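Hi everyone, thanks for coming.

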Amino acid sequence: MAAGVATWLPFARAAAVGWLPLAKKTMPKPPVDNSSRSDEILYVNVSGVRFQTWKNTLDRYPDTLLGSSEKEFFYNEDTQEYFFDRDPEMFRHILNFYRTGKLHYPRHECIQAFDEELAFYGIVPEIIGDCCMEEYRDRKKENQERLAEDTEANEAMDAPLPPHSTSRERLWRAFENPHTSTMALVFYYVTGFFIAVSVIANVVETVPCRPPKGSVKELPCGEKYQLAFFCMDTACVLIFTFEYLMRLFAAPSRCKFMRSVMSVIDVVAIMPYYIGLVMPENEDVSGAFVTLRVFRVFRIFKFSRHSQGLRILGYTLKSCASELGFLLFSLTMAIIIFATVMFYAEKGTKGSTFTSIPASFWYTIVTMTTLGYGDMVPNTIAGKIFGSICSLSGVLVIALPVPVIVSNFSRIYHQNQRADKMRAQQKVRLARIRMAKKGTTNAFLQYKEDRDRDSDSTALCVKNKSAFEHQHHHLLHCLEKTTNHEFTDEMTYSELCMTESVGFRTSRSTSLSSQQGAQNNSTGCCPRRARRRAAMRLANSTVSVSRGSVQELDTLHVKTTSIPPQTRSSLNAQADDLKLNCGEQDFTAAIISIPTPPANTPDESLPPSPAPIPGILRNTRATAYTHDTVKISSL
Amino acid sequence: GKDPNPGGQTEGSKWQKPRLSRKSLMKCCLVKWIIASTTQQGPDSSDSDLELSMVRHQPEGLEQLQAQTQFTRKELQSLYRGFKNECPSGLVDEETFKTIYSQFFPQGDATTYAHFLFNAFDMDRNGSIRFEDFVLGLSVLLRGSVTEKLRWAFNLYDINKDGYITKEEMLAIMTSIYDMMGRYTLPSVRDDSPFEHVEKFFQKMDRNRDGVVTIDEFIETCQKDENIMASMQLFENVI
């Protein structure tokens, strides 16, 4: 429960007087509160520094050390105070948490010391207020990273493999972390070597070598030593193919692997060779084949598996894609503008190289990037003026986005970190809230179970509950009695709806149903589904079952198997009939609410739309339990 | 600037440079725009912040409250400390109230009922509960006589405070109570559960069958019902 909610509980209980005239059932007795009601000042001595606070303040958080009876262990009878041998500076913040409901993190304190104090006083760090949460998390992460670095430096070995891993898993591990085994390391270096060899061979085979004897023309080395280069290429491609196939075999998810960037690069690197093998020595096709050989240069990207830096660069470019796109777009705009202007400025001149606007693009690009090859030069005065404006603006257009990209990158990078942090925090916060709610509900349901199990002995129910919990549960109990419905949890509710079948009775419950089935006119859960199910069962009915007191149900056919009773008993390990009991009332009423149970016609089609039936289930209730959870055949 | 020659500008006259005085500068619209964009925004936005933080309320004296309510001095002190701790400004607005009340009923939606409750406590209908409202209400609920408590309940059900509880008002109240139960209940709450409940209530309370329940009918019927009378003592030791 949140902070000052404890303060408001008496108010909420008092307001329950408003339910009293409406209550369907009699109200339960309130919990007996034996503790003295008057508030008193407590003295807390922390290493000599005396703090004083109201008892109520500390009672606000009953699940911490100071709020529970755990502090009695620290009570010093002689001095009539609670003595803690801890840091008084830190205690100030802890006590302020009780007072204000917000826990703050003091920036000058060591994060580990703070964590230890919180652990001692039983306070979870998630309660730190929003104002200090970011700082706390940053410091904590920094600390953890620093510690992790130290431990990493100490341990050179990775964690050992889990035992009983298949050869496939081991192979994948070897590929991903080459440091794990010597074989993997050897393979890693061998592939690295062959990538280098392959790339160098590609480069060298275009270098002109001395012409062979008896010829004047210089040949590129590739053609002179064709066989040698072919053999080297074959060896490299064999190694790459082997590596690719091994990775494909070892990958835990083959589809995902095949879609990953690295595998695409691998495929593109080895494909040209195989296509070249397959393709005939045809003049027309060889042109295309030559183009394909260009893709062999992609083998150089295989180095990114070996180099962390390349991967980071790739990620950087990917993350700056929008900025780069903008740069490209603005450059394109400028190029088009200036090319058009230059073309029209130089149009008239004789022998002008600006033959068309696309031809002027080349001039514009070369000028804007200040390359200035000089192959295209303006001759007219207007052309020269615009050419100079083009080169000046080129400097600006190119120089401006670069710092923007750099700062954008840094900003986006940090923003991403922060967004991820906030999303995680938000998730944690929501999860915390949900858990708190569930905790409260579960506590209440547990309380109900305990209460019903031993209804006369109240001592057993006390356990470790605080006065606050007692009173809150009493309040919820009053609400139940007012409306004559009971709280339950999601699982039970959905289970009941799932396994609800008309014929679902066990022997021990028949006696109870006879007592309560008759007069209770509250409806069952999911009556619409009950109707649908019943209707479907009418269509596939085989067995008709009549139960003890509920004779009206004879007309509806029901399948019973042994499965439902098992689930029932698994629900209540204590053989508690209470939940079953409630179930009874549901189901009888659910069937009663169905208007016309057609008796013995198995081919009955589904009944008409539920409109004439009174008590149409609210849409909000039924939506969660749609057809997909209906399993007719199993029942 | 200097006046041109009285003879008007002829070809031979010297071109007078216009003097760049401050007055002429201010006439330029570009200058005006630059100045306008660089001056601070008007002080309106900061004023409203100042206003909000100033809204607070101090309660009447302890003696007065002691006289008006049935709480002892210590109880009032304890109550005020809790109240002030939660609402330092001394006022509870409706949204805060709804949030607080909803925390006690995690499974359902308590906001509608909290709204009715808020109106029942906010006696002067000014949109916020002061400590006096809070304490007066609690005094009736915890230390008041049975008649006073019933009167308070009647006031709660009578949404428009006209002295009559109509079926619509009761249905609204009942729906909001059933909303607090939430979705996961045994047995499940049907759409007409509140309506049925209202029907039963009216059957019991509406003696002359005129479709509304007056305060006298209400008090009379409740006094005859033993269960209700017995349960009225339930919450006396809450504080």
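Predicted model: local features only at pLDDT ≥ 70, side-chain atom pairs only at ≥ 80, totals over all residues.

Okay, one definition before we start: two strands pair if DSSP finds at least two bridges between them.

Residues are numbered from 1 along each chain as its sequence is written, chains are lettered from A and ligands numbered from 1 in the order in which they are written, and side-chain values use heavy atoms, with hydrogens and water left out.

Let's begin with chain A. Strand S1, residues 41–46, and strand S2, residues 49–54, run antiparallel and are joined by 6 bridges. Together S1(A) and S2(A) make a hairpin with 2 residues between them, and A:Ser47 in that turn has a positive phi of about 50°. Look for A:Val46, which has A:Val49 of S2(A) standing opposite.

Now, in what order do the strands of this sheet come? It's S2-S1-S4-S3 in chain A, an open sheet of 4 strands with mixed pairing. S2 and strand S3 (75–76) of chain A are at the edges with a single partner strand each, so one side of each has no neighbour in the sheet.

S1(A) and S4(A) pair in the parallel sense over 3 bridges, and A:Asn45 has A:Phe83 as its bridge partner in S4(A). S3(A) pairs with strand S4 (residues 81–84) of chain A in the antiparallel sense, over 2 bridges. There, A:Tyr75 has A:Tyr82 in S4(A) as its bridge partner. If you're tracing side chains on screen, remember that in a regular strand they alternate between the two faces of the sheet.

Still on chain A, an unreviewed UniProt entry places the feature "transmembrane region" at several spans, among them residues 183–204 and 351–373. UniProt positions are in the numbering used here, feature names are shortened, and annotations may be inferred rather than shown by experiment. Residues 183–204 of chain A are 100% helix and 0% strand, with end C-alpha atoms 31 Å apart. For residues 351–373 of chain A, the figures are 52% helix, 0% strand and 18 Å between the end C-alpha atoms.

Residues 109–144 of chain B are 67% helix and 8% strand, and their end C-alpha atoms lie 29 Å apart. For residues 145–180 of chain B, it's 72% helix, 8% strand and 28 Å.

How do the helices pack? Helix H7 (residues 111–121) and helix H9 (residues 146–157) of chain B meet at an angle of about 125°, with axes 9 Å apart. Axes are lines fitted to C-alpha atoms, for helices over the stretch in contact, and angles run from 0 to 180 degrees between N-to-C directions. That makes H7(B) oblique to H9(B); under 35 degrees counts as roughly parallel, over 145 as roughly antiparallel, 65 to 115 as roughly perpendicular, and the rest as oblique.

H9(B) also comes within 10 Å of helix H12 (residues 215–224) of chain B, axis to axis, and the two cross at roughly 130°. So H9(B) and H12(B) are oblique to each other as well. Contact means heavy atoms within 4.5 Å, and the residues of H9(B) that meet H12(B) include B:Leu150 and B:Phe154.

B:Arg125 isn't a glycine, yet has a positive phi of about 50°; find B:Arg125 in the loop between H7 and strand S2 (128–130) of chain B. And the peptide bond from B:Leu186 to B:Pro187 is cis, with omega near -10°. B:Pro187 sits in the loop between strand S4 (185–186) and helix H11 (193–205) of chain B.
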